Amino acid sequence: MEETKQTEEESKSGFFYRLKSGLQKTRTSLAGGIENIVHGKAKVGLELLDELEEKLLIADVGMKTTTFILEDLKKDVAQNRIRENDEVLQHLKGQMFKVLSQNNKPIQFSKNKPLVILMVGINGSGKTTTIGKLAQKWKKEGKKVLLAAGDTFRAAAIDQLQVWAERADINCISQKSGADPSAVAYDAVQAAVARNVDVLLIDTAGRLQTNQNLMEELKKVKRVIGKVLPGAPHETLLVLDATLGQNSISQANHFHEALELDGFVMTKLDGTAKGGVLLNLCGELKLPIHFIGVGEKAEDLQAFDSKKFVDALIFS
Ligand SMILES: Nc1nc2c(ncn2[C@@H]2O[C@H](COP(=O)(O)OP(=O)(O)O)[C@@H](O)[C@H]2O)c(=O)[nH]1
Ligand SMILES: [Mg+2]
């Protein structure tokens with residue numbers, strides 16, 4: 001039984017294999033660096049701790065989270081409670097897991113029907129692609145899914161979502177490009193209720209967190225959704241591009257201030273060595289990461305699992 005599971009996880013199509021290969025660049029820079037530092041030292045001491053601190057800071061983990069990760073380790077090393085290199089690694093893994101799992105709050109389908117999810121984020125972060133991938137995944141699981149093409153800014157954005165919808169045989173509510181995105185959201189929520197769908201995914205136009213007018217438009221979209229269906233949207237998720245590293249933190253702060261986010265999706269982890277930013281984000285914003293993108297394929301969008309993430313990052 002155990003053996004079969006291992007084979008599935010390690011096989012090239014397996015979930016864990018995809019996660020590991022998607023995180024390869026971050027592993028080499030951050031985790032590989034950590035392992036080299038720890039194993040490269042004959043003695044566990046202050047010098048080792050200083051080097052670890054520097055490594056975490058360079059890898060975009062941020063001051064606050066780095067301090068949290070190393071705090072207890074410093075005490076334990078100073079008081080000789082930790083002396084072995086392997087113990088240092090295990091301790092680091094444990095602290096990273098703590099940071100990543102502290103705000104866990106799974107998306108609950110059972111509580112709300114329709115469950116309404118609003119996707120926000122800057123241009124190119126991966127909103128439309130993420131909606132397409134989630135729609136496909138949930139449809140396969142037997143859920144009734146509806147999409148809303150709320151990015152009315154560009155005709156191509158509406159087409160892009162419709163292609164995903166057609167491919168998965170899902171309905172997509174849309175209007176002409178240039179239409180008011182709040183009107184699209186209004187129609188979509190009404191349709192979701194009338195058609196008794198399980199989940200409605202609403203796309204929005206990308207915007208810079210510093211663009212006030214567009215941010216106001218997004219607030220209006222959120223208000224309108226709540227008027228049609230009190231309590232909705234149940235999840236306002238910020239989609240972040242991992243390749244932007246530390247910049248994600250300022251984006252997250254701006255969006256959270258304007259829209260009261262419920263969580264994050266981190267895309268493009270496969271293309272970057274900056275995956276350490278996930279630790280920073282969780283430590284700073286105290287909100288859950290729900291999904292991560294580790295490649296272009298639909299199955300490369302994975303539900304975020306802090307334990308598996310840490311195991312895929314540091315495996316020695
Ligand atoms: N490598 C990789 N590419 C991704 C991922 N998620 C999205 N992309 C790509 O990022 C680009 C922008 O995505 P899109 O969904 O159009 O962004 P939007 O402007 O936020 O809607 C597209 O070329 C996607 O294929 C990911 O997890 N990994
Ligand atoms: Mg888009």
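Me: Helices (H or I, at least four residues) and strands (E, at least two) are DSSP runs, numbered from the N terminus; which helix gives the most to the shell around ligand 1?

Reply: This is a predicted model, in which local features need pLDDT of at least 70 and side-chain atom pairs count only at pLDDT 80 or more, while totals for chains, interfaces and linings use all residues. Residues are numbered from 1 along each chain as its sequence is written, and chains are lettered from A and ligands numbered from 1 in the order in which they are written. With 3 residues in the shell around ligand 1, the helix that contributes the most is the one spanning residues 127–140, namely α7.

Me: How many residues of the shell around ligand 1 are polar?

Reply: Ala, Val, Leu, Ile, Met, Phe, Trp, Tyr, Cys and Pro count as nonpolar, Asp, Glu, Lys and Arg as charged, and the others, Gly among them, as polar. Divided in this way, the shell around ligand 1 holds 1 nonpolar residue and 4 charged ones, and its polar residues number 12.

Me: Which residue in β3 is the bridge partner of Leu 146?

Reply: Strand β2, made of residues 145–148, runs parallel to β3 and is joined to β3 by 3 bridges. In one of the pairs that link the two strands, Leu 146 has a partner in β3, and that partner is Asn 171.

Me: What is omega for the cis peptide bond that joins Ala 232 and Pro 233?

Reply: Pro 233 has its place in the loop between α10 and β5, the strand of residues 235–241. The bond that joins Ala 232 to this proline is cis, with an omega of about -5°.

Me: Which phi value does Asp 60 have?

Reply: Asp 60 lies in the loop that runs between α4 (46–58) and α5 (63–78). Asp 60 is a residue other than glycine, and yet its phi is positive, with a value near 65°.

Conventions: Two strands pair if DSSP finds at least two bridges between them.
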